[in-house]
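Here are my notes for you, as numbered points, to read alongside the sequence and the 3D view.

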Amino acid sequence: METKIIANYLPQYHQMPENDKWWGEGFTDWIGVKNAKPQFEGHEQPRVPANEYYYSLDKVEDIARQVELAKEYGVYGFGIYHYWFSSNQHFMETPANIYLEHKELDIHFMFIWDNTSWIRSWSAVKGNNWAPDIDANKQQTGPSILAELIYGDEKDWKIHFDWLLPFFKDDRYIKIDGKPVFSFMRMNADPEIIHKMSNYWDKLAKEAGLPGVCCMSKSHFKVKNGLEYQFCYEPYQYNNTYELMRHGLEEVISRKTKNPRIRVRSYESAWKDILVPAKRCKNPKLFYSGIVGFDDTPRRGKKARIITGQTPEKFEKYLTELLSISKKQNKEYVFVTAWNEWGEGAYLEPDTKNGTKYLEAIRNALKKVNG
């Protein structure tokens with residue numbers, strides 16, 4: 001069995017009424033990316049896409065370009081983040097709908113539900129009451145809760161399922177044993193309801209002619225109340241300053257970081273926390289995840305979390321090892337964070353510094369492992 005890469009995919013880069021209302025006319029993540037400021041000497045910010053290609057994901061041609069690029073370098077599919085807050089409030093669906101409507105976009109995909117409420121703390125854009133202002137009890141110009149997660153009951157779950165069903169039935173949708181894969185990002189957001197919803201969706205899928213639904217829950221190797229299948233999500237793991245110091249970053253923190261709220265760790269230590277437990281893992285239904293990098297300065301400013309020392313060469317080395325572990329354990333998929341998380345410094349897409357080197361690392365790693 002070949003091990004395949006699913007790159008997590010942010011569908012946010014297009015104008016939509018919610019962003020216009022909450023963050024200002026025409027806001028997308030690109031605003032924060034362009035305006036990011038370095039937080040210490042040598043800090044690489046802002047990040048700039050190759051050829052300054054600030055695309056818009058409400059355009060078929062821009063999505064087609066992503067698909068062509070991903071396929072060229074061996075990415076099997078996209079794990080599209082899914083934003084469904086209630087039967088009456090769900091958005092950021094334009095890119096997914098474009099995929100559904102345009103069968104010529106020949107790449108696999110699935111949904112990863114970010115099942116949480118949205119609060120006014122997502123972006124460090126001037127005037128938008130970013131989290132530090134809220135923490136300081138400064139006056140707000142809008143509600144602190146922008147979109148509240150309301151699971152509802154079976155009636156609401158069916159509305160959600162009916163929206164998902166055309167995607168589940170699509171030949172490009174990622175499946176395990178013929179079952180469409182749907183992932184829950186936050187299992188601790190009422191695990192009892194998530195279990196009930198998953199079982200209900202499985203019943204509805206069978207009634208719709210599918211063999212069921214393969215629901216996954218996010219895991220960090222220590223599963224509590226998890227679903228039958230789990231996937232790792234590893235953009236940035238940290239507990240506290242002690243953990244950072246334990247990895248030998250005292251000098252980095254004291255020398256580079258003027259603001260003590262910035263949290264820094266090394267690329268090597270981040271990957272170590274991925275690879276070591278993966279080697280020891282005995283769960284045949286836990287899929288692993290690798291990271292390209294991480295730096296959420298565009299969103300968090302002086303409260304950023306930053307992984308230092310990443311290079312395409314290191315990424316290729318560590319990813320090759322993770323793919324090898326997965327293949328030995330007969331696991332078909334490895335997730336990678338991310339295809340286009342520019343606001344978190346986690347992207348495979350070409351930029352002005354490295355061009356396509358991270359994509360080349362993907363292709364090289366797959367060739368080494370799969371032949």
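1. A word on terms to start: two residues are in contact when heavy atoms lie within 4.5 Å. By that rule, and not counting residues up to four places away in sequence, Ile325 touches Leu275, Ala278, Lys279 and Tyr288. Ile325 is found in helix α12 (residues 312–328); helices are DSSP runs of H or I with at least four residues, strands are runs of E with at least two, and both are numbered from the N terminus. Ile325 has a relative accessible area of 9% and is therefore buried (buried is under 20%, exposed over 50%, partly exposed in between, with a 1.4 Å probe and protein chains only). The C-alpha atoms of Ile325 and Arg280 are separated by 9.8 Å, although the two are 45 residues apart along the chain.

2. Some ground rules for reading the rest. This is a predicted model, in which local features need pLDDT of at least 70 and side-chain atom pairs count only at pLDDT 80 or more, while totals for chains, interfaces and linings use all residues. Residues are numbered from 1 along each chain as its sequence is written, and side-chain values use heavy atoms, with hydrogens and water left out.

3. The overall picture: the chain has 13 helices and 17 strands. Of its 371 residues, 57% are buried. Among contacts between residues at least 6 apart in sequence, 76% join residues at least 24 apart. The chain exposes about 16,400 Å², with carbon and sulfur atoms supplying 48% of it (areas come from the Shrake-Rupley method with a 1.4 Å probe; for residues, only the protein chains shown count as cover).

4. Which residues have the most contacts inside the largest nonpolar core? They are Phe78, Trp201 and Phe315, in a core of 110 residues. A second, separate core has five residues, including Phe40, Ile262, Val264 and Ile306. Here a nonpolar core is a set of buried Ala, Val, Leu, Ile, Met, Phe, Trp, Tyr and Cys residues joined through side-chain atoms within 4.5 Å.

5. The rings deserve a look too, as the structure holds 42 aromatic pairs. Rings of Phe, Tyr and Trp (its six-membered ring) pair if their centres lie within 6.5 Å; planes under 30 degrees apart count as stacked, over 60 as edge-to-face and the rest as tilted. Phe78 and Trp339 form a tilted pair, 5.2 Å centre to centre with 55 degrees between the planes. Phe78 lies in strand β2 (residues 77–86) and Trp339 in the loop between β15 (333–337) and β16 (340–341), so this pair ties together parts that are 261 residues apart in sequence. Both Phe78 and Trp339 are buried. Phe182 and Phe184 make an edge-to-face pair, because their planes stand at 80 degrees, with the centres 5.4 Å apart.

6. Strand β2 also holds His82. At 3% relative accessibility, His82 counts as buried. Leaving aside neighbours within four places in sequence, His82 is in contact with residues including Phe111, Trp113, His160, Trp163 and Phe182.

7. A charge sits over a ring if NZ of Lys or CZ of Arg is within 6 Å of the ring centre and within 35 degrees of the ring normal. The charged end of Lys4 sits over the ring of Tyr76, 5.5 Å from its centre, and that of Lys34 sits over the ring of Tyr54, 4.4 Å from its centre. Lys4 is in strand β1 (residues 4–9) and is buried, with a relative accessible area of 18%.

8. Helix α7 (residues 191–207) has 17 residues and reaches 24 Å from its first C-alpha to its last, close to the 24 Å expected (the expected span is 1.5 Å times one less than the number of residues). Its buried residues, among them Ile194, Met197, Trp201 and Leu204, pack against β4 (108–113), α6 (154–168), β8 (179–184) and β9 (214–219). Just after α7, Gly209 takes a positive phi of about 95 degrees.

9. Lastly, some backbone details to check in your viewer. Cis peptide bonds join Gln45 to Pro46, with omega about -5 degrees, and Thr337 to Ala338, with omega near 5 degrees. Met92 is not a glycine, yet has a positive phi of about 65 degrees; Met92 is buried, with a relative accessible area of 5%. Asn330 also has a positive phi, near 60 degrees, but is exposed at 53%.
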